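Below is a short briefing on one protein structure.

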Amino acid sequence: MSYRKEKMMSLTGVNCANMSTDKLQKMSEEVLKNGMHGLCFSPYEEGQEPGQQISEQQIRRRLEIIKPYTQWVRVFSCTDGNENIPKIAKELGLKTLVGAWLGDDTEINEKEIQGLLDLSKSGYVDIAAVGNEVMYRGDLEEEELIDFIKRVKKEIPNIPVGYVDAYYEFSAKPKITEVCDVILANCYPYWEGCTQEYSLMYMKQMYQEAVRAGNGKKVIITETGWPSQGSSLGGAHPSYDNALKYFINAQLWSEQEDIEMFYFSSFDESWKVSAEGDVGAYWGLWDKNEKLKF
């Protein structure tokens with residue numbers, strides 16, 4: 001084992017909890033430099049939001065910022081310029097988990113599915129995700145989603161296909177779980193009001209619930225993170241220190257246990273406040289101006 005990894009593995013949640021802000025910053029930087037499995041990619045600049053066209057220039061600039069620190073990127077959509085993200089990511093040597101964003105608009109859904117299929121058949125997709133939290137939002141009926149998943153699996157049989165949702169949905173919706181090749185689970189102790197002190201333990205429980213539901217299928221944590229600013233939710237308090245502690249603990253655990261995890265998110269995006277409240281704008285490792293928070 002390398003000295004760096006041995007040093008990192010010696011860190012525990014208890015030690016992290018007692019660290020000063022300065023030490024947390026230094027350890028976060030060390031963990032980041034050691035590299036992550038994956039990052040959820042935030043393409044939207046200040047003043048932009050989903051539905052608007054994003055440029056190849058901004059995609060390339062942001063991918064080049066995160067490239068030294070991650071092996072994979074997760075893409076949420078296959079339209080409005082998002083389809084260029086996996087193309088540029090592949091050019092930069094990154095692997096891709098690419099999603100078709102499904103909602104209650106039939107026309108948009110069709111464009112997203114076709115975009116995912118086109119990218120997959122062109123070699124830009126390593127794992128395909130059919131929908132993100134569709135069941136959680138109630139945008140589609142369960143059978144509608146299953147039909148989409150089956151359609152994609154049939155057309156790209158050599159690429160693992162899954163569906164992204166909160167970890168508990170895979171226990172609650174066994175028919176969806178059964179049709180997936182891989183279980184793509186979002187695990188957020190913050191959104192369930194868990195204190196930072198117990199957040200890693202709670203995320204492990206979330207992951208294990210998804211593992212049990214998967215019944216032998218690979219489980220990937222497709223989202224987890226902690227906001228650095230905003231309003232509290234129960235015992236979960238957003239803060240700069242808490243965000244650093246959660247990042248450190250989550251990354252060390254995923255490395256130690258060989259858990260494939262996509263951290264949420266790469267950059268802060270202000271448009272998210274409309275759906276998530278004030279915390280929505282502060283999930284990034286980099287701020288909205290593309291400056292590393294550490």
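R62 lies over the face of F267, at 4.4 Å from the ring centre. The model is a predicted one. F267 also takes part in an aromatic pair with W286, and the structure holds 19 such pairs.

**Aromatic pairs**

- A pair of aromatic rings is described by the distance of the centres and the angle of the planes.
- Y190 and W191 pair edge-to-face, with 5.1 Å centre to centre and 75 degrees between the planes.
- Y190 is buried because its relative accessibility is 2%, under the 20% cut-off.
- W191 has a relative accessibility of 34%, so this residue counts as partly exposed.
- F267 sits in the loop between strand 8 (262–263) and helix 13 (273–276), and W286 in the segment after helix 13, so the pair ties together parts 19 residues apart in sequence.
- Both partners are buried: F267 has a relative accessibility of 1%, and W286 has a relative accessible area of 3%.

**Aromatic cluster**

- One aromatic cluster is formed by F76, Y188, Y190, W191, W226, Y246, F247, Y263, F264, W283 and F294.
- Y190 and W191, the edge-to-face pair, are among the members of this cluster.

**Helix 12**

- Helix 12 covers residues 240–256, which is 17 residues.
- From its first C-alpha to its last, helix 12 reaches 25 Å, close to the 24 Å expected at 1.5 Å a residue.
- Helix 12 is mostly covered, with 13 of its 17 residues buried.

**R151**

- R151 is located in helix 8, residues 142–155.
- With a relative accessible area of 25%, R151 is partly exposed, because this class lies between the 20% and 50% cut-offs.
- Leaving aside residues up to four places away in sequence, R151 touches E110, I113, Q114 and L117.
- R151 and R60 are 91 residues apart in sequence, and their C-alpha atoms are 31 Å apart in space.

Conventions
Residues numbered from 1 in each chain as written. Predicted model: local features only at pLDDT ≥ 70, side-chain atom pairs only at ≥ 80, totals over all residues. Heavy atoms only, no water. Phe/Tyr/Trp six-rings, centres within 6.5 Å; stacked < 30°, edge-to-face > 60°. Buried < 20%, exposed > 50% of the residue type's maximum accessible area, 1.4 Å probe, protein only. Helix = DSSP H or I, 4+ residues; strand = E, 2+ residues; numbered from the N terminus. Lys NZ or Arg CZ within 6 Å of the ring centre and 35° of its normal. Expected span 1.5 Å × (residues − 1). Contact = heavy atoms within 4.5 Å.
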